[in-house]
Amino acid sequence: FGTMAGKVKWVTDIEKSVLINNFEKRGWIQVAENEDWNFYWMSVQTIRNVFSVETGYRLSDDQIVNHFPNHYELTRKDLMVKNIKRYRKELEKEGSPLAEKDENGKYIYLDFVPVTFMLPADYNLFVEEFRKNPSSTWIMKPCGKAQGKGIFLINKLSQIKKWSRDSKTSSFVSQSSKEAYVISLYINNPLLIGGKKFDLRLYVLVSTYRPLRCYMYKLGFCRFCTVKYTPSTSELDNMFVHLTNVAIQKHGDDYNHIHGGKWTVSNLRLYLESTRGKEVTNKLFDEIHWIIVQSLKAVAPVMNNDKHCFECYGYDIIIDDRLKPWLIEVNASPSLTSSTANDRILKYNLINDTLNIAVPNGEIPDCKWNKSPPKEVLGNYEVLYDEEMAQSDGPERDPRGRSGQSTGAKGGRARDLGKPVLTTWK
(Lines give C-alpha, C1' and ligand atoms only; values in the text may rest on other atoms or scores of the structure.)
Protein backbone atom coordinates (compact mmCIF):
# COMPACT_ATOMS: atom_id res chain seq x y z
CA PHE A 1 0.00 0.00 0.00
CA GLY A 2 1.70 3.15 -1.17
CA THR A 3 5.17 1.69 -1.58
CA MET A 4 8.07 2.11 -3.90
CA ALA A 5 9.14 -1.50 -3.62
CA GLY A 6 6.26 -3.25 -1.89
CA LYS A 7 7.98 -3.01 1.50
CA VAL A 8 5.57 -1.00 3.62
CA LYS A 9 4.27 -2.93 6.63
CA TRP A 10 1.04 -1.96 8.36
CA VAL A 11 0.57 -2.43 12.08
CA THR A 12 -3.14 -3.24 11.73
CA ASP A 13 -5.98 -3.05 9.25
CA ILE A 14 -7.39 -0.18 11.34
CA GLU A 15 -4.32 1.92 10.68
CA LYS A 16 -4.54 1.09 6.98
CA SER A 17 -8.25 1.93 6.75
CA VAL A 18 -7.78 5.28 8.51
CA LEU A 19 -5.13 6.28 6.01
CA ILE A 20 -7.15 5.03 3.03
CA ASN A 21 -10.09 7.16 4.20
CA ASN A 22 -7.83 10.19 4.35
CA PHE A 23 -6.40 9.49 0.91
CA GLU A 24 -9.92 9.08 -0.51
CA LYS A 25 -10.85 12.51 0.86
CA ARG A 26 -7.97 13.99 -1.12
CA GLY A 27 -8.82 12.16 -4.32
CA TRP A 28 -5.57 10.19 -4.18
CA ILE A 29 -7.11 6.70 -4.32
CA GLN A 30 -7.44 6.88 -8.11
CA VAL A 31 -3.76 7.70 -8.27
CA ALA A 32 -3.11 4.66 -6.07
CA GLU A 33 -4.99 2.39 -8.47
CA ASN A 34 -2.60 3.52 -11.19
CA GLU A 35 0.27 2.49 -8.92
CA ASP A 36 1.76 5.95 -9.16
CA TRP A 37 1.77 7.25 -5.58
CA ASN A 38 2.67 10.80 -4.71
CA PHE A 39 2.60 10.19 -0.97
CA TYR A 40 4.26 7.37 0.95
CA TRP A 41 3.44 6.29 4.51
CA MET A 42 6.40 4.13 5.42
CA SER A 43 7.82 2.15 8.28
CA VAL A 44 11.18 3.16 9.73
CA GLN A 45 12.80 0.16 8.04
CA THR A 46 11.41 1.16 4.64
CA ILE A 47 12.82 4.65 5.11
CA ARG A 48 16.26 3.15 5.70
CA ASN A 49 15.91 1.25 2.43
CA VAL A 50 14.70 4.30 0.51
CA PHE A 51 17.61 6.48 1.61
CA SER A 52 20.26 3.76 1.50
CA VAL A 53 22.94 4.42 -1.12
CA GLU A 54 22.82 0.75 -2.15
CA THR A 55 19.18 0.82 -3.28
CA GLY A 56 19.59 3.64 -5.78
CA TYR A 57 16.15 5.11 -4.97
CA ARG A 58 15.65 8.76 -5.87
CA LEU A 59 12.58 10.69 -4.79
CA SER A 60 11.03 13.09 -7.28
CA ASP A 61 9.68 16.54 -6.36
CA ASP A 62 6.10 15.24 -6.00
CA GLN A 63 7.04 12.48 -3.53
CA ILE A 64 6.92 13.02 0.24
CA VAL A 65 7.71 10.54 3.01
CA ASN A 66 6.85 10.51 6.71
CA HIS A 67 10.31 10.08 8.30
CA PHE A 68 13.63 11.86 8.14
CA PRO A 69 16.44 9.56 6.92
CA ASN A 70 18.29 9.51 10.26
CA HIS A 71 15.35 10.14 12.60
CA TYR A 72 17.01 7.64 14.99
CA GLU A 73 19.29 10.47 16.20
CA LEU A 74 16.24 11.49 18.25
CA THR A 75 14.24 8.28 18.49
CA ARG A 76 16.92 5.80 19.61
CA LYS A 77 17.16 6.10 23.37
CA ASP A 78 20.97 6.14 23.48
CA LEU A 79 21.39 8.60 20.61
CA MET A 80 18.78 10.99 22.02
CA VAL A 81 20.69 11.23 25.30
CA LYS A 82 24.03 11.49 23.49
CA ASN A 83 22.78 14.39 21.34
CA ILE A 84 21.25 16.24 24.29
CA LYS A 85 24.53 15.91 26.23
CA ARG A 86 26.46 17.22 23.21
CA TYR A 87 24.00 20.11 22.86
CA ARG A 88 24.53 21.09 26.52
CA LYS A 89 28.33 21.05 26.13
CA GLU A 90 28.19 23.14 22.97
CA LEU A 91 26.02 25.76 24.69
CA GLU A 92 28.44 25.75 27.62
CA LYS A 93 31.40 26.40 25.31
CA GLU A 94 29.49 29.27 23.70
CA GLY A 95 28.83 30.77 27.12
CA SER A 96 25.09 30.54 26.57
CA PRO A 97 22.97 31.46 29.62
CA LEU A 98 20.92 28.37 28.78
CA ALA A 99 23.80 26.18 30.02
CA GLU A 100 23.92 27.84 33.45
CA LYS A 101 24.46 25.47 36.39
CA ASP A 102 23.57 25.69 40.08
CA GLU A 103 26.01 25.38 43.00
CA ASN A 104 25.81 21.57 42.77
CA GLY A 105 26.83 21.53 39.11
CA LYS A 106 23.32 20.74 37.81
CA TYR A 107 21.92 22.45 34.76
CA ILE A 108 19.25 24.94 35.77
CA TYR A 109 17.38 24.96 32.45
CA LEU A 110 18.60 21.86 30.61
CA ASP A 111 18.10 19.26 33.34
CA PHE A 112 15.15 17.49 31.73
CA VAL A 113 16.52 13.98 31.03
CA PRO A 114 17.16 11.56 33.93
CA VAL A 115 20.84 10.69 34.57
CA THR A 116 21.58 8.08 31.91
CA PHE A 117 24.44 5.79 30.88
CA MET A 118 24.95 3.40 27.97
CA LEU A 119 25.73 -0.22 28.79
CA PRO A 120 28.05 -1.96 28.44
CA ALA A 121 30.15 1.01 27.19
CA ASP A 122 29.64 3.24 30.26
CA TYR A 123 29.62 0.48 32.88
CA ASN A 124 32.46 1.94 35.00
CA LEU A 125 30.91 5.42 34.95
CA PHE A 126 27.56 3.94 35.99
CA VAL A 127 29.13 2.03 38.90
CA GLU A 128 30.77 5.23 40.10
CA GLU A 129 27.42 7.05 40.03
CA PHE A 130 25.54 4.13 41.60
CA ARG A 131 27.91 3.99 44.58
CA LYS A 132 27.17 7.64 45.38
CA ASN A 133 23.62 6.57 46.24
CA PRO A 134 23.44 2.76 46.64
CA SER A 135 19.76 2.86 47.62
CA SER A 136 18.70 4.32 44.25
CA THR A 137 16.59 2.49 41.67
CA TRP A 138 17.55 2.41 37.98
CA ILE A 139 15.62 1.39 34.88
CA MET A 140 17.20 -0.65 32.08
CA LYS A 141 15.90 -0.28 28.50
CA PRO A 142 17.14 -1.83 25.25
CA CYS A 143 18.17 0.98 22.89
CA GLY A 144 16.23 -0.14 19.84
CA LYS A 145 13.00 -1.66 21.15
CA ALA A 146 9.53 -0.27 21.87
CA GLN A 147 6.27 -1.11 23.68
CA GLY A 148 8.07 -1.82 26.96
CA LYS A 149 9.92 -4.85 25.60
CA GLY A 150 13.06 -5.83 27.51
CA ILE A 151 12.63 -3.19 30.24
CA PHE A 152 13.37 -3.99 33.88
CA LEU A 153 14.26 -2.18 37.12
CA ILE A 154 17.35 -2.77 39.26
CA ASN A 155 18.62 -1.63 42.65
CA LYS A 156 21.75 -3.83 42.95
CA LEU A 157 24.89 -3.98 40.80
CA SER A 158 24.70 -7.77 40.81
CA GLN A 159 21.51 -7.54 38.73
CA ILE A 160 23.43 -6.23 35.71
CA LYS A 161 26.53 -8.42 36.04
CA LYS A 162 26.18 -9.66 32.46
CA TRP A 163 26.80 -6.11 31.17
CA SER A 164 30.07 -5.80 33.11
CA ARG A 165 32.52 -8.70 33.01
CA ASP A 166 32.68 -12.09 31.38
CA SER A 167 32.65 -14.43 34.39
CA LYS A 168 34.93 -16.99 32.71
CA THR A 169 37.73 -14.68 31.62
CA SER A 170 37.19 -11.79 34.06
CA SER A 171 37.74 -9.47 31.10
CA PHE A 172 35.40 -6.78 29.92
CA VAL A 173 32.83 -8.05 27.45
CA SER A 174 33.10 -6.37 24.08
CA GLN A 175 30.27 -3.97 23.33
CA SER A 176 29.30 -5.82 20.18
CA SER A 177 28.63 -9.07 22.05
CA LYS A 178 25.95 -7.58 24.28
CA GLU A 179 22.72 -5.88 23.29
CA ALA A 180 23.09 -2.13 23.89
CA TYR A 181 21.01 -0.82 26.79
CA VAL A 182 20.50 2.53 28.41
CA ILE A 183 20.27 2.66 32.19
CA SER A 184 18.57 5.71 33.67
CA LEU A 185 17.91 6.89 37.19
CA TYR A 186 14.31 5.86 37.86
CA ILE A 187 11.88 8.69 38.62
CA ASN A 188 10.67 7.14 41.89
CA ASN A 189 8.53 10.12 42.91
CA PRO A 190 6.07 10.32 39.99
CA LEU A 191 2.98 12.46 40.23
CA LEU A 192 0.15 10.06 41.09
CA ILE A 193 -3.54 10.39 40.30
CA GLY A 194 -5.76 7.95 42.12
CA GLY A 195 -2.57 6.44 43.50
CA LYS A 196 -1.45 5.36 40.03
CA LYS A 197 1.54 6.32 37.92
CA PHE A 198 1.00 7.78 34.45
CA ASP A 199 2.90 9.41 31.63
CA LEU A 200 1.99 11.78 28.80
CA ARG A 201 1.98 10.84 25.13
CA LEU A 202 2.23 14.03 23.09
CA TYR A 203 2.41 14.32 19.30
CA VAL A 204 4.85 16.74 17.70
CA LEU A 205 5.06 17.32 13.94
CA VAL A 206 8.33 18.57 12.43
CA SER A 207 8.05 19.85 8.86
CA THR A 208 11.68 20.99 8.59
CA TYR A 209 14.76 21.02 10.85
CA ARG A 210 16.66 23.82 9.10
CA PRO A 211 15.04 26.16 9.80
CA LEU A 212 13.31 24.31 12.64
CA ARG A 213 9.53 24.43 12.38
CA CYS A 214 7.43 22.22 14.63
CA TYR A 215 3.81 21.87 15.71
CA MET A 216 2.25 20.58 18.92
CA TYR A 217 -0.90 18.46 18.71
CA LYS A 218 -3.47 19.60 21.27
CA LEU A 219 -5.14 16.19 21.69
CA GLY A 220 -2.49 14.16 23.51
CA PHE A 221 -3.34 11.80 26.35
CA CYS A 222 -2.16 10.30 29.66
CA ARG A 223 -1.51 6.54 29.96
CA PHE A 224 -2.16 5.10 33.41
CA CYS A 225 -0.86 1.99 35.11
CA THR A 226 -3.53 -0.46 36.24
CA VAL A 227 -1.98 -1.12 39.67
CA LYS A 228 -1.36 1.51 42.36
CA TYR A 229 2.20 2.77 42.56
CA THR A 230 4.59 1.85 45.34
CA PRO A 231 8.35 2.52 45.51
CA SER A 232 8.74 -0.69 47.52
CA THR A 233 11.63 -2.84 46.31
CA SER A 234 9.37 -5.89 46.58
CA GLU A 235 7.40 -4.60 43.57
CA LEU A 236 10.35 -3.81 41.28
CA ASP A 237 9.44 -6.72 39.01
CA ASN A 238 5.76 -5.75 38.73
CA MET A 239 5.56 -3.93 35.40
CA PHE A 240 1.85 -3.17 35.96
CA VAL A 241 3.04 -0.79 38.70
CA HIS A 242 5.92 0.86 36.83
CA LEU A 243 5.43 0.83 33.04
CA THR A 244 2.62 2.80 31.43
CA ASN A 245 2.89 1.21 27.96
CA VAL A 246 -0.54 0.08 26.75
CA ALA A 247 1.13 -2.99 25.20
CA ILE A 248 1.90 -4.08 28.78
CA GLN A 249 -1.06 -2.70 30.74
CA LYS A 250 -3.69 -4.28 28.46
CA HIS A 251 -2.67 -7.70 29.81
CA GLY A 252 -3.39 -6.69 33.42
CA ASP A 253 -6.40 -8.04 35.30
CA ASP A 254 -7.59 -4.49 36.07
CA TYR A 255 -7.28 -3.10 32.54
CA ASN A 256 -10.43 -1.23 31.49
CA HIS A 257 -11.23 -1.81 27.81
CA ILE A 258 -13.74 1.07 27.69
CA HIS A 259 -11.40 3.95 28.57
CA GLY A 260 -8.18 2.00 28.03
CA GLY A 261 -6.54 3.54 31.09
CA LYS A 262 -6.29 6.87 29.26
CA TRP A 263 -7.10 10.47 30.07
CA THR A 264 -7.05 13.37 27.64
CA VAL A 265 -4.51 16.13 28.20
CA SER A 266 -7.39 18.57 28.67
CA ASN A 267 -8.69 16.43 31.57
CA LEU A 268 -5.23 16.45 33.12
CA ARG A 269 -5.11 20.24 32.84
CA LEU A 270 -8.50 20.56 34.53
CA TYR A 271 -7.41 18.21 37.32
CA LEU A 272 -4.15 20.09 37.93
CA GLU A 273 -5.81 23.51 37.76
CA SER A 274 -8.33 22.41 40.40
CA THR A 275 -5.74 20.79 42.69
CA ARG A 276 -2.57 22.85 42.14
CA GLY A 277 -3.84 26.09 40.58
CA LYS A 278 -3.90 27.55 37.10
CA GLU A 279 -0.56 29.39 37.28
CA VAL A 280 1.34 26.27 38.33
CA THR A 281 -0.38 24.23 35.62
CA ASN A 282 0.47 26.77 32.91
CA LYS A 283 4.09 26.75 34.08
CA LEU A 284 4.20 22.94 33.84
CA PHE A 285 2.94 22.89 30.26
CA ASP A 286 5.26 25.74 29.30
CA GLU A 287 8.15 23.65 30.61
CA ILE A 288 6.96 20.61 28.63
CA HIS A 289 6.92 22.71 25.46
CA TRP A 290 10.36 24.04 26.37
CA ILE A 291 11.72 20.47 26.72
CA ILE A 292 10.33 19.45 23.33
CA VAL A 293 11.81 22.45 21.51
CA GLN A 294 15.23 21.98 23.16
CA SER A 295 15.31 18.27 22.28
CA LEU A 296 14.60 19.13 18.63
CA LYS A 297 17.26 21.84 18.66
CA ALA A 298 19.70 19.30 20.08
CA VAL A 299 19.35 16.99 17.08
CA ALA A 300 18.76 19.61 14.36
CA PRO A 301 22.47 20.01 13.47
CA VAL A 302 22.92 16.25 12.88
CA MET A 303 19.54 15.54 11.28
CA ASN A 304 19.51 14.92 7.54
CA ASN A 305 16.99 17.61 6.66
CA ASP A 306 15.79 16.06 3.39
CA LYS A 307 13.25 18.29 1.63
CA HIS A 308 11.02 15.26 0.90
CA CYS A 309 10.51 14.51 4.61
CA PHE A 310 8.30 15.40 7.55
CA GLU A 311 7.79 13.48 10.78
CA CYS A 312 5.20 13.07 13.52
CA TYR A 313 6.92 12.06 16.77
CA GLY A 314 5.36 10.55 19.88
CA TYR A 315 6.90 12.22 22.96
CA ASP A 316 6.74 10.41 26.31
CA ILE A 317 6.88 12.76 29.31
CA ILE A 318 6.71 11.86 33.01
CA ILE A 319 5.78 14.46 35.64
CA ASP A 320 7.16 14.05 39.16
CA ASP A 321 5.40 15.01 42.38
CA ARG A 322 7.10 18.43 42.32
CA LEU A 323 5.47 19.02 38.92
CA LYS A 324 8.80 18.83 37.12
CA PRO A 325 8.47 17.23 33.67
CA TRP A 326 11.06 14.70 32.42
CA LEU A 327 11.66 13.61 28.84
CA ILE A 328 11.71 9.81 28.81
CA GLU A 329 11.89 9.00 25.10
CA VAL A 330 10.72 10.00 21.62
CA ASN A 331 9.01 7.53 19.29
CA ALA A 332 9.48 7.55 15.53
CA SER A 333 6.37 5.45 14.92
CA PRO A 334 3.85 6.29 17.65
CA SER A 335 1.07 3.74 17.59
CA LEU A 336 -1.80 4.55 15.26
CA THR A 337 -3.82 1.58 16.44
CA SER A 338 -6.82 2.39 18.63
CA SER A 339 -7.65 0.69 21.92
CA THR A 340 -10.92 2.62 22.48
CA ALA A 341 -13.52 4.54 20.48
CA ASN A 342 -12.05 7.87 21.65
CA ASP A 343 -8.62 6.63 20.67
CA ARG A 344 -9.79 5.93 17.14
CA ILE A 345 -11.27 9.42 16.78
CA LEU A 346 -8.10 11.04 18.13
CA LYS A 347 -5.79 9.12 15.80
CA TYR A 348 -8.01 9.61 12.77
CA ASN A 349 -7.89 13.36 13.41
CA LEU A 350 -4.15 13.18 14.05
CA ILE A 351 -3.51 11.60 10.65
CA ASN A 352 -5.95 13.95 8.93
CA ASP A 353 -4.37 17.08 10.44
CA THR A 354 -0.84 15.80 9.79
CA LEU A 355 -1.61 15.25 6.11
CA ASN A 356 -3.23 18.68 5.84
CA ILE A 357 0.03 20.29 7.00
CA ALA A 358 2.33 18.01 4.97
CA VAL A 359 0.23 18.49 1.82
CA PRO A 360 -2.13 21.49 2.25
CA ASN A 361 -5.45 21.39 0.38
CA GLY A 362 -4.86 17.84 -0.79
CA GLU A 363 -2.90 19.10 -3.77
CA ILE A 364 -0.18 17.19 -5.56
CA PRO A 365 2.77 17.17 -3.13
CA ASP A 366 5.65 19.50 -3.87
CA CYS A 367 8.81 19.11 -1.80
CA LYS A 368 9.98 22.61 -2.82
CA TRP A 369 7.18 24.54 -1.12
CA ASN A 370 8.17 26.60 1.93
CA LYS A 371 6.44 24.23 4.43
CA SER A 372 4.58 27.06 6.13
CA PRO A 373 0.88 26.19 5.78
CA PRO A 374 -1.93 28.71 6.41
CA LYS A 375 -3.46 28.76 9.88
CA GLU A 376 -6.80 27.38 8.65
CA VAL A 377 -5.30 23.98 7.75
CA LEU A 378 -3.62 23.37 11.13
CA GLY A 379 -6.65 21.66 12.65
CA ASN A 380 -5.72 20.55 16.18
CA TYR A 381 -2.07 21.46 15.66
CA GLU A 382 -0.58 24.74 16.84
CA VAL A 383 2.79 26.21 15.97
CA LEU A 384 5.20 25.32 18.74
CA TYR A 385 8.38 26.86 17.35
CA ASP A 386 9.27 28.64 14.14
CA GLU A 387 13.00 29.37 13.93
CA GLU A 388 12.65 31.91 11.11
CA MET A 389 10.06 33.84 13.09
CA ALA A 390 12.14 33.58 16.27
CA GLN A 391 15.27 34.96 14.59
CA SER A 392 13.36 37.92 13.26
CA ASP A 393 12.07 38.72 16.76
CA GLY A 394 15.41 40.02 18.01
CA PRO A 395 18.07 39.03 20.56
CA GLU A 396 17.64 36.32 23.16
CA ARG A 397 16.28 37.16 26.58
CA ASP A 398 17.87 36.69 29.98
CA PRO A 399 16.79 33.25 31.20
CA ARG A 400 16.62 34.35 34.82
CA GLY A 401 14.07 37.09 34.33
CA ARG A 402 10.43 36.82 33.40
CA SER A 403 10.32 40.23 31.79
CA GLY A 404 10.00 40.77 28.09
CA GLN A 405 7.74 38.94 25.68
CA SER A 406 8.43 37.48 22.29
CA THR A 407 5.94 37.86 19.49
CA GLY A 408 4.10 34.82 18.24
CA ALA A 409 3.57 33.83 14.63
CA LYS A 410 0.36 35.79 14.42
CA GLY A 411 1.61 38.82 16.30
CA GLY A 412 0.18 37.72 19.64
CA ARG A 413 1.97 37.93 22.99
CA ALA A 414 3.86 34.73 23.70
CA ARG A 415 4.12 33.12 27.12
CA ASP A 416 7.51 33.84 28.67
CA LEU A 417 9.17 30.69 29.91
CA GLY A 418 11.87 32.56 31.78
CA LYS A 419 14.38 31.01 29.35
CA PRO A 420 16.09 32.58 26.35
CA VAL A 421 14.16 30.77 23.69
CA LEU A 422 12.39 32.80 21.06
CA THR A 423 9.28 30.92 20.21
CA THR A 424 5.87 31.16 18.71
CA TRP A 425 4.21 29.81 21.87
CA LYS A 426 0.44 29.78 21.74
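# Exercises on a predicted model

The structure holds 15 aromatic pairs; rings of Phe, Tyr and Trp (its six-membered ring) pair if their centres lie within 6.5 Å, and planes under 30 degrees apart count as stacked, over 60 as edge-to-face and the rest as tilted. This is a predicted model, in which local features need pLDDT of at least 70 and side-chain atom pairs count only at pLDDT 80 or more, while totals for chains, interfaces and linings use all residues. Residues are numbered from 1 along each chain as its sequence is written, and side-chain values use heavy atoms, with hydrogens and water left out.

**Exercise 1.** Determine how phenylalanine 152 and tryptophan 163 are arranged as an aromatic pair.

*Solution.* Begin with the geometry: the ring centres are 6.0 Å apart and the planes make an angle of 35°, so the pair is tilted. Next, locate the partners. Phenylalanine 152 belongs to strand S5 (residues 152-154), and tryptophan 163 to the loop between S5 and strand S6 (181-185). The pair links distant parts of the chain, its members being 11 residues apart. Helices (H or I, at least four residues) and strands (E, at least two) are DSSP runs, numbered from the N terminus. Finally, compare burial, where buried means under 20% relative accessible area, exposed over 50%, and partly exposed in between (1.4 Å probe, protein chains only). Phenylalanine 152 has a relative accessible area of 25% and is therefore partly exposed; tryptophan 163, at 6%, counts as buried.

**Exercise 2.** Describe the surroundings of asparagine 349, including what it touches.

*Solution.* The residue is found in helix H11 (residues 341-358). Asparagine 349 is partly exposed because its relative accessible area is 25%. Leaving aside residues up to four places away in sequence, asparagine 349 touches Tyr217 and Asn380; contact means heavy atoms within 4.5 Å. Tyr217 also belongs to one aromatic cluster with Tyr203, Tyr215, Phe221 and Tyr381.

**Exercise 3.** Which residues of helix H3 are buried, and how are they placed around the axis?

*Solution.* In helix H3 (residues 44-51), the buried residues are Thr46, Ile47 and Val50. Seen down the axis, they fall within an arc of 100°, so they line one face of the helix. The arc is that of the directions from the helix axis to the C-beta atoms. What covers the buried residues of H3 includes strand S2 (64-65).

**Exercise 4.** Find the distance at which lysine 85 and arginine 269 each lie from a ring centre.

*Solution.* Lysine 85 lies over the face of phenylalanine 117, at 5.7 Å from the ring centre. Arginine 269 lies over the face of phenylalanine 285, at 4.3 Å from the ring centre. A charge sits over a ring if NZ of Lys or CZ of Arg is within 6 Å of the ring centre and within 35 degrees of the ring normal.

**Exercise 5.** How many disulfides does the whole structure hold?

*Solution.* A search finds 0 disulfides, a disulfide being a pair of cysteine sulfur atoms within 2.5 Å. Two cysteines may then be classified by burial. Cysteine 222 counts as buried because its relative accessibility is 0%, and cysteine 312 counts as buried at 12%.
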